[in-house]
Amino acid sequence: MPLRDTPASCLPRILPAAVMAGIFLTPHNAQADTANSYSAASLAPQIALLVTAAFLGLILWRIWRRRVVQEAALLEEIREREARLNLALWGSGDEFWDWNIPENSLYRLGANQLLGQGASESMSTDDWRTHSLHPDDLPRVQKLLQEHLIGQSEVFESEHRIRNGSGEWIWVRSRGKLVERDADGKPLRMAGTARDITMSRRAERERRVALEVLRSMSEAVAVIDLEFRFISVNPAFSRITGYNDEEVIGQNSRILDSTQHGADFYRRVRDILERTGHWAGEMWQKRKDGDEFLAWIEMSEVRDAHGIRSHFVAVVNDITDKKRAEQELRYLANYDTLTGLPNRALLSERLGRAIVRARRQETRVAVLFLDLDRFKDINDSLGHAAGDRLLKAAASRIQATVGASDTVARLGGDEFTVILEDVESLAAVERMAREILTAFSMPLEVDERHDVNITPSLGISLYPDHALVPTDLLKFADTAMYQAKAEGRNTFQIYNETMDAEARRRAQILTCLRKALDKGEFRLVYQPRMSLADGRITGVEALLRWHSAELGDISPVTFIPLAEESGLILAIGEWVLQEACMALKRWRKHELTELSMAVNVSVMQLLRGNLAQTLKRILEETEIPANRLELELTESMVMENAEQATTVLNELRALGLTLAIDDFGTGYSSLVYLKRLPIDTLKIDKAFIGDLDHDPDDEAITATIITMSHSLGLNVIAEGVETEQQLRYLREQGCDEIQGYWLSPPIDGHRCLAFIRSWQPSNVAAIPAPY
């Protein structure tokens, strides 16, 4: 083959061989061709040509070699760059994609990192649209691509869903750019990256939700750094404190400190927070305008991903109005609104505490029961307004006479009670009684035109001389007071056993009571209760009655306290629960499945009996749904044993029973404590309902109790409703249910069943609402 026809790539191999052939073959040929008359001179041009060709071949070889080395280095650099790209994609989890537009093909580098094992690295764009891209996102992605391809956007960027190797949808952020066009400007190639943003979108969604929650919260929320400087606050913070975010961010939380607390208080709070990471409690705070408010504050630490505390979050709830309302309600339920003195409920509480202290200190307590002589005549002659002013003046006169540590209470009407503690002797009590009588020797000023002379009669009982419990002390003092009236009024009498044969009768009743259960002398009667919303009979209350073969009918007011004092209430109470559930079981067979049965429970049953286990057994035996049995407890019995009672109530609630506070207003009457109990219903005592027709104070108390109870999510039942006027008022105030003689007196089981089955809700609807 001629040299000029030899490919250039072959020259490095051919030319050296030719040169060598010329060098070694020439002498041999010369000797062989001597006979043919060739000479060395005639070979010179060929040798020169071969040498020149060899030199040129060497130059070409060296050029080729350099090119090979350069190509190898370039390939190595390309491999290193590709390795770095793969490492970067592997480390970031991103995918690099290359779209060949004319060929409609898509190459994806790092697809396994983004989509998981099994993801295809190359595919047609048609397959990508059909099988990888979420159909809901396809129109938007195509629109963004089209805008970029025609030059309306500098960069293509889209967030959309694609299917991963497991067939699940994930969110990706894809960014790319057109990298090549042909001579006519038509797009040829586009490249970019895709990143998994599923978690970041989820975190952003949660952040937006959390932010919206913070914005909509009624409580103030503040984020505080470890130096107690504000980092951020929500709108409620500005609404409550008056500071906007620009005014407090960067400021120390001390700008809210109130003068109600000393510096030591705030220092202790911050020390506890720094030590434990949490603090909660009531704290006075100061608004921007200087006003102070009571807040319930909860502060908690926030730790970063490494478990290191980074800042605190404080939630502030303005409870000023709530506290004020609770205090007002407590005042209404525990204080006489006319005189401002403690009422019967608070008197009983204070007398009980006085007895406890006296028992510990081995001292005595005196109870003075005071009644104004012939007050009714004065009240009728001067009018009720003057009578009220007279009662207020009498209250002030008594308070001015006794010591500051002594309790003066108004029980109702013209009856007052004084509790004297740390009594040294009977003579000291008699001296105080004479001072009160002397104080009333001066007229009481009713108004600018009227002064009234009125005298009191006093009865006295002492602990432990006459009784050991508050009820007996009050009763004996009352008995002594009536004896003082019998002695001519305006005097005092000290209780003694000859005044009353009550003690003997109590002993006789107790003897018969011990045998009453075995003799079958107890029975239950039932008083229906009605919903004011639709006139429907919602349930009944089971009431215990006792007819003694020896003594006749005995009032529950008489025998139930004796049963509690003697411990007989445990057996009697269990009998009541069993009988009430059996009655409800019979009524349910008459399709009265929505009817509830309310049963009163004593404090001894609650605290000393296995009440939860007993009720569970009875419910199983009678097949009564737990939510159809309601237990009624008095507020005083719960509050006097709050911790233990709460534990038992939670056990009862766990069974599914509903719980009610009975006779509200006669005990502690504190919604601060009641709201912590697992109760469903509050029953307003009939003492408030009975005077609704003519006592504005009882109207105000009743309306307040209904409003506050509803704010705590409690159902409200009014007891002792006897007139249509009372019913109308209660319905107007939004009371939920009523119970009383207007609807029905307590009746036996057969009559009660007949009453319920014949009741027509239209009976109530016909009563017009008040205007």
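Which residue in strand 3 does Leu-106 stand opposite? Leu-106 stands opposite Met-123. The model is a predicted one, in which local features require pLDDT of at least 70 and side-chain atom pairs count only at pLDDT 80 or more, while totals for chains, interfaces and linings use all residues. Residues are numbered from 1 along each chain as its sequence is written, and side-chain values use heavy atoms, with hydrogens and water left out.

- Strand 1 (residues 95-100) and strand 2 (residues 105-109) are joined by 5 bridges in the antiparallel sense; strands pair if DSSP finds at least two bridges between them.
- Helices (H or I, at least four residues) and strands (E, at least two) are DSSP runs, numbered from the N terminus.
- Trp-97 has Arg-108 of strand 2 opposite.
- A hairpin is formed by strand 1 and strand 2, with 4 residues between them, and Asn-104 in the turn has a positive phi of about 60°.
- Strand 2 also runs antiparallel to strand 3 (residues 122-124), with 3 bridges joining them.

**Helix 13**

- Helix 13 (residues 384-401) has 18 residues and should span 26 Å at 1.5 Å a residue, which agrees with the 26 Å between its end C-alpha atoms; the expected span is 1.5 Å times one less than the number of residues.
- Buried residues of helix 13 include Ala-386, Leu-390, Ile-398 and Thr-401 (buried means under 20% relative accessible area, exposed over 50%, partly exposed in between, with a 1.4 Å probe and protein chains only).

**Aromatic pairs**

- The structure contains 11 aromatic pairs; rings of Phe, Tyr and Trp (its six-membered ring) pair if their centres lie within 6.5 Å, and planes under 30 degrees apart count as stacked, over 60 as edge-to-face and the rest as tilted.
- Phe-476 and Tyr-495 are stacked, because their ring centres are 4.2 Å apart and their planes are at 5°.
- Phe-476 belongs to helix 15 (residues 470-486) and Tyr-495 to the loop between strand 18 (492-494) and helix 16 (502-519), so the pair ties together parts that are 19 residues apart in sequence.
- Phe-476 is buried at a relative accessible area of 11%, and Tyr-495 is buried at 6%.
- The pair of Phe-522 and Trp-546 is tilted, because the ring centres are 6.1 Å apart and the planes are at 45°.
- This pair links distant parts of the chain, with Phe-522 in strand 19 (residues 522-531) and Trp-546 in strand 20 (residues 537-548), 24 residues apart.
- Both Phe-522 and Trp-546 are buried, and together with Phe-559 and Trp-575 they form one aromatic cluster.

**Charges over rings**

- The charged end of Arg-201 sits over the ring of Trp-171, 3.6 Å from its centre (NZ of Lys or CZ of Arg must be within 6 Å of the ring centre and within 35 degrees of the ring normal).
- Over the ring of Phe-228 sits the charged end of Arg-270, 5.1 Å from the ring centre.
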